[in-house]
Amino acid sequence: MANLSYDFSGQTVIVSGGARGIGLELGRRFVKAGADVFLVDHDHVELGCAAAEVGAIAASVDVTNTDAVTSIVGQVIAETGRIDVVVDNAGILRDKTLWKISDEDWDQVLATHLGGTFKLTRACVPHFRARGFGRVVNVTSFTGLHGNIGQANYAAAKAGIVGFTKTAAKELAHFGVTVNAISPNAETRMIASIPDDKKAELAAQIPMGRFAEPAEMFSAVAFLASREAGYVTGVVLPVDGGMSM
């Protein structure tokens, strides 16, 4: 897929959940667009291979750990002198019906999706404020807006990211920092695990008739992360083939 004309030369980008799927493809294309890219993930083995493949820097971090997140942000600034863009994409699934969700299932999903988004963004904010510039792009979900059977924890976390995005956008706007989100519908490992007949049913509900490739998320993220989008903030942009219409 083409990079279009996005140019992130000289900029530093952090992408969490970067070992696979959407995060990996975003990292790949930010590298092609000239950025210094740090891929963050807790799976250090898969992350190392992914970063080497796309020409990014691997940062093995558990985004639920405040000290670890603070440390990696400090490392990024020490190595590159700046952070321009942070993409909060890290997440896990613990899918079960409501009455089967344990406290651990609930806590881990919210801590990773919502807590990780909060902690990584918060760690970058002092640098963004000092520079008078920053771009935050969070990854939410159709499920966060509409719910889905077996995903009460995931839906709650993704809905929380919407509220967090809008509040952070209001708080940071006068510092020259924008905070936006995308709501993707891409062919990730979660979709790949669905039986073929069920997946075909789901695809039939999408006006475009298919799930996106993870790489197709880049143009939306790159726009929201660009300097040119400096007057766009607090937006949740569906990148879902029309599913949310």
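**Reading the sheet and the cores**

Q: In what order do the strands of the open sheet lie?

A: Strands of a sheet pair through backbone hydrogen bonds, either parallel or antiparallel. Here the open sheet has 7 strands in the order β3-β2-β1-β4-β5-β6-β7, with parallel pairing, where pairing requires at least two DSSP bridges between two strands, and where strands (E, at least two residues) and helices (H or I, at least four) are DSSP runs numbered from the N terminus. At the edges stand β3 (57–60) and β7 (236–239), each of which pairs on one side only. This is a predicted model, in which local features need pLDDT of at least 70 and side-chain atom pairs count only at pLDDT 80 or more, while totals for chains, interfaces and linings use all residues. Residues are numbered from 1 along each chain as its sequence is written, and side-chain values use heavy atoms, leaving out hydrogens and water.

Q: Which strands does helix α9 touch?

A: Contact means heavy atoms within 4.5 Å. Helix α9 (residues 218–225) packs on the sheet and touches β4, β5, β6 and β7.

Q: Which residues touch the most other members of the largest nonpolar core?

A: Such a core is a set of buried Ala, Val, Leu, Ile, Met, Phe, Trp, Tyr and Cys residues joined through side-chain atoms within 4.5 Å, buried meaning under 20% relative accessible area with a 1.4 Å probe, protein chains only. Among its 30 residues they are Phe-8, Phe-30, Leu-39, Val-87 and Ile-182. The largest share of this core, 6 residues, comes from α9. Apart from it lies another core of 24 residues, including Phe-38 and Cys-124.

Notes. Axes are lines fitted to C-alpha atoms, for helices over the stretch in contact, and angles run from 0 to 180 degrees between N-to-C directions. Buried means under 20% relative accessible area, exposed over 50%, partly exposed in between (1.4 Å probe, protein chains only).
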